[in-house]
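Reader: Please show me the chain and its model. I would like to go through the fold and then the packing.

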Amino acid sequence: MNAELPLKRVLLTGAGGFIGRHCLPALRDAGFEIHALSRAGHKIGHDVQWHAVNLLDDGAAERLLTEVRPT
């Protein structure tokens, strides 16, 4: 990633799953501010902000997007 670009904020759904957890290091290495989503609300890694959210709950996705404001 170009070092001159501003910090980008990403919201990764399924971050505790098989594919999601393997995406975390690549996003971190690329300089992203990472907000990870998991129903279990994992707390692994101090460089990732975890959010425990069930996207099937009415309004949960909208509230999370408003809070995190991913770019």
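Author: The questions below go from the sheet to the helices and then to the cores. This is a predicted model, in which local features need pLDDT of at least 70, side-chain atom pairs count only at pLDDT 80 or more, and totals for chains, interfaces and linings use all residues. Residues are numbered from 1 along each chain as its sequence is written, and side-chain values use heavy atoms, with hydrogens and water left out.

Reader: In what order do the elements of the chain run from the N terminus on?
Author: Helices (H or I, at least four residues) and strands (E, at least two) are DSSP runs, numbered from the N terminus. The chain has 2 helices and 3 strands. From the N terminus on, the order is β-α-β-β-α.

Reader: Which strands stand at the edges of the sheet?
Author: The 3 strands form an open sheet in the order β1-β2-β3, with parallel pairing; two strands pair if DSSP finds at least two bridges between them. Each edge strand has a single partner, so one side of it is left without a neighbour in the sheet. The edge strands are β1 (9-12) and β3 (48-52).

Reader: What is the bridge partner of leucine 11 in β2?
Author: β1 and β2 (residues 33-38) run parallel and are joined by 4 bridges. Valine 10 has isoleucine 34 as its bridge partner in β2. For leucine 11, the partner is histidine 35.

Reader: At what angle to β1 does helix α1 run?
Author: Angles run from 0 to 180 degrees between N-to-C directions, with axes fitted to C-alpha atoms, for helices over the stretch in contact. Helix α1 (residues 18-29) lies across β1, β2 and β3. Its angle to β1 is about 175°.

Reader: Is histidine 51 buried or exposed?
Author: Buried means under 20% relative accessible area, exposed over 50%, and partly exposed in between (1.4 Å probe, protein chains only). Histidine 51 is in strand β3. With a relative accessible area of 10%, histidine 51 is buried.

Reader: With which side chain does the side chain of histidine 51 make a polar contact?
Author: A polar contact is a pair of N or O atoms within 3.5 Å; within protein, one must be able to donate a hydrogen and the other to accept it, and residues adjacent in sequence count only if both atoms are side-chain atoms. Leaving aside neighbours within four places in sequence, histidine 51 has contacts (heavy atoms within 4.5 Å) that include Leu64, Glu67 and Val68. Its polar contact, at 2.9 Å, is with the side chain of histidine 35.

Reader: Why are the buried residues of α2 on the same side, and what arc do they cover?
Author: In α2, Ala60, Leu64 and Val68 are buried. The arc is that of the directions from the helix axis to the C-beta atoms. These residues are on the same side of α2 because they cover an arc of only 50°.

Reader: Which residues are exposed on the other side of α2?
Author: The buried residues of α2 pack against β1, β2 and β3. On the other side, the exposed residues are Glu62, Arg63 and Thr66.

Reader: How many residues make up the largest nonpolar core?
Author: A nonpolar core is a set of buried Ala, Val, Leu, Ile, Met, Phe, Trp, Tyr and Cys residues joined through side-chain atoms within 4.5 Å. The largest one includes Leu24, Ile34, Val48 and Trp50, and α1, β2 and β3 each supply at least two of its residues. Its count is 8 residues.
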